[in-house]
Amino acid sequence: MLGSSLNLPPSTTVKPRKQRFVALEPGYSPLDWARLNKEGDDYELRYGYDKPQKFTLQEVSEHSTKNDAWSIFNGKVYNITPYLHYHPGGVGELMKCAGKDGTELFMKTHAWVNVELMMEGCLIGFLVRE
């Protein structure tokens with residue numbers, strides 16, 4: 001009964017948010033993505049742009065479907081379409097930032113991940129003011 005007689009304050013430890021992962025199709029693992037991002041056809045990953053362009057938020061917002069998804073992270077515009085099926089949280093989770101600035105959501109859920117390195121093959125440009 002020693003444990004029941006202790007008068008301890010409530011724990012101040014915050015429980016980490018439970019991450020939800022989905023089963024990825026064969027060939028869509030994080031290692032497969034790293035290989036594609038490094039050795040793949042950058043022209044295809046970059047939506048056909050051979051060099052970075054300037055885009056407005058309005059232009060980015062027009063690319064918000066599963067077949068054509070762009071997102072902004074840290075002021076850079078990425079074609080996230082090729083990455084959708086590689087995302088460990090599933091397509092639906094990544095679509096939350098399609099056509100939008102996903103920086104805040106990304107930092108809440110993936111602060112330890114280097115988005116610029118992970119998505120470098122998909123960089124299509126930079127966000128500019130309208």
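In this predicted model, residues 24 or more positions apart supply 70% of the protein chain's contacts that have a separation of 6 or more. The chain has 130 residues, of which 32% are buried. Its exposed surface comes to about 9100 Å², and carbon and sulfur atoms contribute 56% of that area.

The protein chain contains 7 helices and 6 strands. Read from the N terminus, the order of elements is α-α-α-β-α-β-β-β-α-β-α-α-β.

Aromatic pairs number 10 in the structure. One of them joins Trp-33 and Tyr-83 in an edge-to-face arrangement, with 4.9 Å from centre to centre and 65 degrees between the planes. Because Trp-33 sits in helix α2 (residues 30-39) and Tyr-83 in the loop between β4 (76-79) and α5 (91-95), this pair ties together parts that are 50 residues apart in sequence. Both Trp-33 and Tyr-83 are buried. Ring pairs also connect Trp-33 and Tyr-83 with Tyr-28 and Tyr-86, giving a cluster.

Leu-117 belongs to helix α7, which covers residues 115-118. Is Leu-117 buried or exposed? Its relative accessible area is 53%, and a residue counts as exposed when the value is over 50%, so Leu-117 is exposed. The C-alpha atom of Leu-117 is 9.3 Å from that of Asn-37, although the two residues are 80 positions apart along the chain.

The two residue pairs described above are listed here.

| Pair | Distance | Separation in sequence |
|---|---|---|
| Trp-33 and Tyr-83 | 4.9 Å, centre to centre | 50 residues |
| Leu-117 and Asn-37 | 9.3 Å, between C-alpha atoms | 80 residues |

Technical notes
Residues numbered from 1 in each chain as written. Predicted model: local features only at pLDDT ≥ 70, side-chain atom pairs only at ≥ 80, totals over all residues. Heavy atoms only, no water. Helix = DSSP H or I, 4+ residues; strand = E, 2+ residues; numbered from the N terminus. Buried < 20%, exposed > 50% of the residue type's maximum accessible area, 1.4 Å probe, protein only. Phe/Tyr/Trp six-rings, centres within 6.5 Å; stacked < 30°, edge-to-face > 60°. Contact = heavy atoms within 4.5 Å. Areas by Shrake-Rupley, 256 points an atom, 1.4 Å probe, with all protein chains shown as cover.
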